[in-house]
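Here are my notes on this model, point by point. Keep the structure open beside you as you read.

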Amino acid sequence: MSGYNHESSATRKTKDNPSSESLVSNNRLVIISHRLPFSFKTENKTTTLKSSSGGLVTAVKSLDLSASSQKPVWIGCADFTQRTWEKYKDLVNDDFEYVPVFLDKATHKRFYNGFSNSVLWPLFHYFPSFVDYHDEDFKAYRAANATVCDKVAEVIQPGDLVWVHDYHFIPLPQLIREKQPEATIGFFLHIPFPSYELLRLLPKACRSYLLNGLLGADLLGFHTTDYSLHFLQSVQMALGLQHTFGQIQNGDRLVQSGVFPIGINYSLYHDAYNNEEVVKERDALKASYKDKLIFSVDRLDYTKGVMQRLDALEAFLVQNPEWLEQLVFLLVVIPSRDEIQTYGERKQMIEQAVGRINGKFATLTWVPIVYRYASLSFDQLLALYSVCDVAMITPLRDGMNLVAKEFVASRQDQQGVLLLSELTGAANEMGEALLVNPLDEYEVAAGLKEALQMPSEEQTQRMAIMQKRIKEYDVKRWANDFMESLLEAQLANEERGGKPLEGDPRKNLIETYASARNRLLLLDYDGTLAPLVAKPEMAAPPDDVIKLLGELAAVPQNKVVVISGRDHQTLEDWLGSLPIDFVAEHGAFVKEEGSWREPGLADMTWKASVRPIMEDLVYRCDGSFVEEKASSLAWHYRNAEETLGFDRSRELINTLQQLVPYQLRIIDGNKVVEVKTVDTDKGRSARQLVARQPYEFVLAMGDDRTDEDMLSALKDKNQYTVKVGDGLSAAAYRLMDVEHVLALLQELVDQGARQKSR
Ligand code: GDG
């Protein structure tokens, strides 16, 4: 379900046929999460193993790894001592090989309670005022990640699939990549990724470190489209890297961002309905409460909105006194992170509010709220899920929220109403719930009333649709989808274009050129025929380039086209005397057989709106300037102070993205932001030129993003595509720089001369 998977990698997958099952089984899986899925418990001098059973454990254990010849590995921070591990590790005996990382206590505290849970957790959940940032904590976070990375480096082997989990390990993908450049790395974020406006509150170096950390992965997974878009926008705003359908080009690698809403083990919760223990617990609850039951269960956390939920209940009881003595709210709060101050305070606040509301509404025989601060057994939890009339799940933010899904799955009777916060990831998939804004106590109170009064048939209808959906996309699908997309992303990286144009490929190109009866040469100008310079007008071609192009064009079988983003007048001034054709301004102007034309020049009235925005930036960013071409406007900042230029360019892109209608294309280029009409690009022009006649040899060369439109459009045999310089490309071949381009063209001219003299 990865929303942005780019088409070509998906196609490649079916073509080369590496089904996920076979690859997951051929490759060893290496999971990295903060905690290992077990702990040791010592009671009465006896130590036993306690397995944990969170969503991640279920997900990983449900992957089909049966055919693998090697045990999957799970790496995580130990919450036991090295001594305990050595003594009791034999108790841990399952399908995994576990590798604990022992961090010293002080580092772990600053890493976990400090940066992870007092900076990233509140910020990513939109609680900036709860952020408690300390440089030492950030340092410990980096140190902890480095220590975990050392352990990973000791363990991983070529071919492993590494899957890193959650906000504790945001830097890890890049740290691993530095040690193992060819590793296949996936990362999944279980919490929201916030809008850039939140992320930018972090110190600059810190946020760049985090984003660059993530960009070490081949695949990044988020629960929702919003989170993925927030991440992509942050990368563009903070690092200046653009994406295409969620795919980012990071140096010589591709990073894919995708959407994978985590599911649950549906049958575990559904089938538990008739478990003996669950039935017993449920019957006991039914016997104790004759009133309507509202239920909620959350970890103690300010993100869960327990205080606001209590406010809403109070508002409801005030507004609807007829419901007094007719309902009970079972409020279960699970102890969590209570050593962090904000959490401890929260507990007190909740308890005071419960006491106050109970005091306000209770009678001698009834209290509205039954509060419990403790964990529940699985059977108790399932009994509560399946007995309540309303599950009131109203976090202020939640990456997904599994409780909502588990409640729905547990209702074999298809009764009960889900009252769900619209600020959870789960709300995206559960439109049939009653969705409310958890901050608006009156809206929640109204939702509660509607839930309590909902007719049984309507409850069934809503439940049935939600059940079908979460049964289909369960945790197994989630994990398999992620792995499949990881393999696609890895493949896309393996196939990233551009073998050096030397040896046999070069010989082959020259031979095909020599034997072809008609040839087309599509040559970009800046960065391909002439080096990039500070001012565009300084890139005039030297005499030897003019001579070379002249010689190439003089060969009767050759058609030479300079295909450039430059304005047509400059190209005409510099090269217009040669017998060559031009595609100027990305295709807006064309010169053929000696005359210029504008193929379908679009409406340019938009310039009047965009020009002042760019001019305002020129005023606020010294050294920058606006270049006007017939079909585009470009704001150049290569001569501005670097940081200021970059910051202003982000501002411009942000503004343009909000304002510009989509018939226009915004190009985040190399120290330039350009806006142009979308009906022209080099790819379209190249395709038209190639289609004119059946050329027996086509050579297309270019160096930047806009050339990629052209290079990716030419895939046939005898069509040679060459990327000039570094960076990812769709081209089949690569030349280092302008000098090498000119040398190749000279070789072609010489080849022609040799043929003639034969
Ligand atoms: C992250 C994200 C995202 C809770 N209390 C008891 C108990 N639980 C179980 C529930 C559920 C899980 O814990 C909590 O689910 P959450 O969805 O709240 O997940 P978290 O692990 O807190 O956190 C979250 C999730 O990752 C998955 O990506 O949904 O948004 O914050 O499974 O059943 N289980 C038992 N007794 C309890 O008292 N037995």
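**Notes on the model**

1. Start with the parallel sheet. Six strands form an open sheet, and their order is S14-S13-S12-S15-S16-S17. The pairing is parallel. Strand S14 (369–373) and strand S17 (434–436) are the edge strands, each pairing on one side only. On average, neighbouring strands of this sheet are turned by 15° against each other, direction ignored. Bear in mind that this is a predicted model.

2. Strand S16 covers residues 417–421. Three bridges join S16 to S17, and the two run parallel.

3. Which helix lies across S13 and S14? Helix H14 (residues 341–361) does. H14 runs at about 160° to S14. Strand S13 itself spans 327–334.

4. Next, helix H13 (306–319). H13 has 14 residues. From its first C-alpha to its last, H13 reaches 20 Å, close to the 20 Å expected at 1.5 Å a residue. H13 is mostly covered, with 10 of its 14 residues buried. Among the buried residues are Val306, Met307, Leu310, Leu313 and Phe316. The buried list also includes Arg309 and Glu314. What do the buried residues of H13 pack against? They pack against S12, S13, H14, S14, S15 and H17.

5. Helix H17 (residues 441–453) deserves a length check of its own. H17 has 13 residues, so at 1.5 Å a residue it should span 18 Å. Its end C-alpha atoms are 18 Å apart, which agrees.

6. Stay with H17 and ask where its buried residues sit. They are Val444, Ala445, Gly447, Leu448, Ala451 and Leu452. These residues cover an arc of only 160° around the axis, which puts them on the same side of H17. What covers them includes strand S12 (292–299), H13, S13, strand S15 (390–393), S16 and S17.

7. How many of the six residues of S29 are buried? Six of six are, and the strand is mostly covered. Both faces of S29 are covered. Gln719, Thr721 and Lys723 are buried on one side. Tyr720, Val722 and Val724 are buried on the other.

8. S29 has partners to trace. Strand S28 (residues 697–702) and S29 pair in the parallel sense over five bridges. Leu699 stands opposite Tyr720 in S29. Follow the chain through this part too: S28, helix H26 (residues 705–713) and S29 make a right-handed β-α-β unit. S29 is also joined to strand S30 (residues 733–735) by three bridges, and these strands run parallel. Here Lys723 has Arg734 in S30 as its bridge partner.

9. A further sheet has nine strands. It is open, its order is S5-S4-S1-S6-S7-S8-S11-S10-S9, and its pairing is mixed. Strand S5 (97–101) and strand S9 (243–244) are the edge strands, and each pairs on one side only.

10. Zoom in on two strands of this nine-strand sheet. Strand S1 (residues 29–35) and strand S4 (residues 73–77) pair in the parallel sense over four bridges. Ile31 has Trp74 in S4 as its bridge partner. Helix H6 (residues 135–155) lies across S1, S4 and S5. H6 runs at about 150° to S5.

11. Finally, check the backbone in one loop. Most residues other than glycine have a negative phi. Asn44 has a positive phi of about 50° although it is not a glycine. Asn44 sits in the loop between strand S2 (38–43) and strand S3 (46–51). Lys45 lies in the loop between S2 and S3 as well. Lys45 has a positive phi of about 65°, and it is not a glycine either.

12. Asn44 has 76%, so Asn44 is exposed. Lys45 has 82%, so Lys45 is exposed too.

Key. Residues are numbered from 1 along each chain as its sequence is written. This is a predicted model: local features need pLDDT of at least 70, side-chain atom pairs count only at pLDDT 80 or more; totals for chains, interfaces and linings use all residues. Side-chain values use heavy atoms; hydrogens and water are left out. Two strands pair if DSSP finds at least two bridges between them. Axes are lines fitted to C-alpha atoms, for helices over the stretch in contact, and angles run from 0 to 180 degrees between N-to-C directions. Contact means heavy atoms within 4.5 Å. The expected span of a helix is 1.5 Å times one less than its number of residues. Buried means under 20% relative accessible area, exposed over 50%, partly exposed in between (1.4 Å probe, protein chains only). The arc is that of the directions from the helix axis to the C-beta atoms. A crossover is right-handed if, with the strands pointing away from the viewer, the path from the first strand over the helix to the second runs clockwise.
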